[in-house]
Amino acid sequence: METFKLKADEEFIELNNLIKALGWVMTGGEAKIRIDQGEVTVNGEVETRRRKKMRAGDHIVFGTEEAKVEQ
């Protein structure tokens, strides 16, 4: 499982930006498509909101990839 660390001045990162930052998709457009198609789960539930605010403690799964957001 990977860990994504929020910057000191950040409260959250949007889901589409997170999966792009983790390198799970190549472009923001691909991130939007994958989220729209229900391929991403957040805290065990399918998430289709592209701009969902991901905060410390959130757990994300995309295919075989898995990550947790930390402060």
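Gln37 sits in the loop that links α2 (28-36) to β3 (40-42). From Gln37 to Thr48 is eleven residues in sequence, and 7.4 Å in space, C-alpha to C-alpha.

A word on the source: this is a predicted model, where local features need pLDDT of at least 70, side-chain atom pairs count only at pLDDT 80 or more, and totals for chains, interfaces and linings use all residues. Residues are numbered from 1 along each chain as its sequence is written, and side-chain values use heavy atoms, with hydrogens and water left out.

Now the fold. The protein chain has two helices and seven strands, and from the N terminus the order is β-β-α-α-β-β-β-β-β. Those are DSSP runs, numbered from the N terminus: helices are H or I with at least four residues, strands E with at least two.

Five of the strands make an open, mixed sheet, ordered β1-β7-β6-β3-β4. β1 (2-5) and β4 (45-46) are at the edges with a single partner strand each, so one side of each has no neighbour in the sheet. Pairing here requires at least two DSSP bridges between two strands. Take β6 (residues 59-62) and β7 (residues 65-70): they pair antiparallel over four bridges, and Val61 has Glu66 in β7 as its bridge partner.

Finally, the whole chain. The C-alpha atoms fill a box of roughly 30 × 20 × 20 Å along the principal axes, and 31% of the 71 residues count as buried.

How values were computed. Buried < 20%, exposed > 50% of the residue type's maximum accessible area, 1.4 Å probe, protein only.
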